[in-house]
Amino acid sequence: MGKSTLVRTISGLNIPTAGSILAGGRDITRLPPHQRSRLGIATIVQGRGIFPQLTVRENLEMGRLGAPADKPSRLNEVLGYFVRLGERLDQKAGTMSGGEQQMLAIGRGLMTHPQVMLLDEPSDGIMPVLVHQIAEILVEINRMHKLTILIVEQNVPMVFRMTDRCVIIENGSVVAEGTRADLEATDAMREYLAI
Amino acid sequence: MSDIIGVAIDSVLITLVLSLAASGLAVVFGLIGVINMGHGAMLTLGAYLTWATTTAGLPFILAVPLAAFGVAIVGLLLEHVLIRHFYSKPFETLLLTWGFFMVSTEVIKIVFGTDFRAVSNPLPGTIEIGALQIPAYRAVVAVLSLLILLTIGFIYKKTTFGLRIRALVQNQEVASLLGQDASMLYKQVFVAGAFLSGLAGALISPMLSIDPYIGNVYLVRSFFVVTLGGLGLLVEGTIIGSFVIGGSETIFALATSQVFAQTIVFVLAVVLLRFFPRGLLAGRD
């Protein structure tokens with residue numbers, strides 16, 4: 001299984017051929033994506049998956065519509081994290097840059113009040129300066145909301161800046177796992193990761 | 001001069017009535033991509049239900065919504081039993097809705113017979129504007145058509161339900177990842193389309209003789225309307241498409257015969273689609 005396939009399978013877009021997926025002890029293997037989302041799993045797909053013909057505001061509203069009814073809107077909070085979105089609320093999302101679209105996708109996911117956020121290649125096609133900025137914001141979100149973030153990423157410096165624990169998967173197999181310190185401990189692994 | 005004004009008014013009336021007739025298809029084909037060959041049959045069913053209920057003594061004003069809801073229920077059954085399994089397969093849904101058209105036409109023949117039926121005009125008489133006389137019922141249906149289209153546009157652009165649909169149309173996977181039940185939204189859109197087709201059949205029924213094939217004319221014209229206007233452009237696309245297909249015919253008929261005008265319109269539609277394959281207003285959404 002590939003890395004993106006893993007994210008798609010957890011989110012319910014792919015049906016696993018074997019094994020099961022548990023969320024909070026509950027078997028969700030056969031649940032459709034919308035029900036998994038309602039359980040608190042937010043997925044930011046590779047390529048960002050914004051709705052290009054909707055405005056930024058409408059994209060964020062779609063996130064709010066996916067939140068539990070008793071939860072307050074997180075719009076101000078999201079606009080606090082991603083100031084650029086606030087400046088572009090009435091702009092069509094498809095006209096924004098890749099980095100801004102990624103911010104929108106993350107902000108929209110946050111609007112759903114998730115307990116787990118899955119991110120598939122968030123640095124893909126984004127300027128390095130924005131990658132750094134997004135990584136910092138994700139760390140802050142993780143700290144502020146105690147939100148579990150599972151990130152699939154090939155940008156190793158970004159991953160090391162953000163994560164507590166890493167699992168290296170290649171061709172469907174786990175090659176190594178551990179903390180940043182664990183993975184940087186051996187020359188072989190540093191060479192493998194090209195760091 | 002009054003001839004020209006008369007033709008212009010007639011053109012507007014025909015455009016709006018055709019917009020109403022095409023609105024159900026604009027929703028089902030334009031939004032969720034189902035090539036609904038049963039659209040005409042749903043329109044026919046709406047007309048027959050109106051005839052049956054008014055003949056049984058129900059006031060026309062109650063018969064119209066009843067017919068629309070009746071067709072919506074038929075649409076719900078069709079969607080639930082067959083269509084929902086094939087949303088991502090356009091050719092299969094085309095065949096299924098074609099099958100629905102054939103079966104429902106035969107059922108209509110068995111239940112209502114093949115004789116022409118007529119629904120009494122609930123608003124006989126004319127509205128006089130200067131020297132012009134406009135059939136009152138046709139004018140009311142035209143105004144209602146405009147209101148119905150504007151309501152559809154409002155729901156689509158300004159409500160939460162419309163937002164969910166617009167998101168679904170753009171990216172079904174992501175919409176479902178945001179907690180939206182795509183199957184339920186598809187169902188609601190299909191049933192709304194059936195409701196509109198039934199409503200159109202009911203409102204148009206007093207303006208023509210009803211037979212089991214009455215919807216066929218509207219089926220072909222509605223497809224031209226929706227494709228010419230542009231898929232997903234529910235209000236402006238439907239009105240522009242209806243003008244090209246219906247309204248302009250009246251104008252061409254001024255200079256030539258009705259049959260030749262029809263030919264001109266369909267040739268024009270084919271030529272326009274050659275140069276604007278995504279519709280005249282494509283890219284304006």
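In chain B, helix α5(B) meets helix α6(B) through B:Ile155, B:Tyr156, B:Lys157 and B:Lys158 on one side and B:Phe161, B:Gly162 and B:Ile165 on the other. Contact here means that the C-beta atoms of two residues, placed from the backbone, lie within 7 Å. The residues of this contact divide into 4 nonpolar, 1 polar and 2 charged. Ala, Val, Leu, Ile, Met, Phe, Trp, Tyr, Cys and Pro count as nonpolar, Asp, Glu, Lys and Arg as charged, and the others, Gly among them, as polar.

This is a predicted model: local features need pLDDT of at least 70, side-chain atom pairs count only at pLDDT 80 or more, and totals for chains, interfaces and linings use all residues. Residues are numbered from 1 along each chain as its sequence is written, while chains are lettered from A and ligands numbered from 1 in the order in which they are written.

Helix α5 spans residues 136–158 of chain B, and helix α6 spans residues 160–170. Helices (H or I, at least four residues) and strands (E, at least two) are DSSP runs, numbered from the N terminus. The axes of α5(B) and α6(B) come within 5 Å and cross at roughly 70°. Axes are lines fitted to C-alpha atoms, for helices over the stretch in contact, and angles run from 0 to 180 degrees between N-to-C directions. The two helices are therefore roughly perpendicular. That label covers 65 to 115 degrees; angles under 35 count as roughly parallel, over 145 as roughly antiparallel, and the rest as oblique.

Helix α6(B) also packs against chain A. Its axis lies 10 Å from that of α3(A), at an angle of about 105°. That makes this pair roughly perpendicular. A:Glu58, A:Glu61, A:Met62 and A:Leu65 meet B:Thr160, B:Leu163, B:Arg164 and B:Ala167. By class, the residues here are 4 nonpolar, 1 polar and 3 charged.

Now the whole interface. Chain A gives 21 residues to the contact and chain B gives 16. On the chain A side, α2 (33–38) and α3 (56–65) each give two or more residues. The largest share, 5 residues, comes from α3(A). The chain A side has 9 nonpolar, 9 polar and 3 charged residues.

How confident is the predictor? The complex has an ipTM of 0.92 and a pTM of 0.90. Chain B has a mean pLDDT of 92, and 98% of its residues reach 70 or more. The pLDDT score is the predictor's confidence in each residue, from 0 to 100. Within chain B, confidence is lowest in helix α11 (residues 258–275), at a mean of 84, and highest in helix α3 (residues 60–81), at 98.
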